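Subject: Structure for your review

Dear colleague,

Please find the structure below, handed over for your study.

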Amino acid sequence: MKRIITLVALSNARVGYEFLHYGRAEECAQCNLAPVCIENLEKGRKYRVMGLRPYEHPCRLEERARVVEVEESETLAAMEPRGVVEGSQTRYSPVECDRTLCPGFVRCRPEGLRKGDRCEIKAVMGPLECPRGLKLLLARLKRTQVGSI
């Protein structure tokens, strides 16, 4: 995926910093930098800072914000093992589970991915223990585009 120019709080402006984009805050409505800062990011997606630009700007949420280059982050996700092969393409499907207190729930319903997202399986990390007894693998996914294969 291509890099996107955006702004992050000066305190978070470092290569490798990851964040989930929650959408526009009320304070951003009147900011003339909003189109570059937040409107070019997709709500509910995870991003990783890949590069820093030498520009800073005042920010209504933070004292200062820095211009950075971001890409969507890879995400660790639990998957049913059928068809999980490193390097292959898959359509993401979250594990059907409502046990929100389960330690693995954040992998069964990871933030940043939505049902139907087309992803590349970057790595298969191994089996994931499930209290319900489901056979699951932990995989590192990178979204390649939205939609079906």
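**Strands and sheet**

Arg-48 has Glu-71 in S4 as its bridge partner. This is a predicted model, in which local features need pLDDT of at least 70, side-chain atom pairs count only at pLDDT 80 or more, and totals for chains, interfaces and linings use all residues. Residues are numbered from 1 along each chain as its sequence is written, and side-chain values use heavy atoms, with hydrogens and water left out.

Strand S3 (residues 46-58) and strand S4 (residues 64-72) run antiparallel and are joined by 8 bridges. Strands are DSSP runs (E, at least two residues), as are helices (H or I, at least four), numbered from the N terminus; two strands pair if DSSP finds at least two bridges between them. An open sheet of 4 strands has the order S1-S4-S3-S2, with antiparallel pairing. Its edge strands, S1 (4-9) and S2 (18-20), each pair on one side only.

**The largest pocket**

A pocket is an open set of points on a 1 Å grid over the protein atoms alone, where a 1.4 Å probe fits, with protein on both sides within 12 Å along at least five of seven lines; lining residues have an atom within 4 Å of a point. In the largest pocket, 25 residues form the lining, and Leu-7, Val-8, Cys-37, Ile-38 and Leu-61 lie nearest the centre. S1, S2 and helix H1 (34-37) are the elements that give two or more residues to this lining. S1 gives the most, with 3 residues.

Yours sincerely
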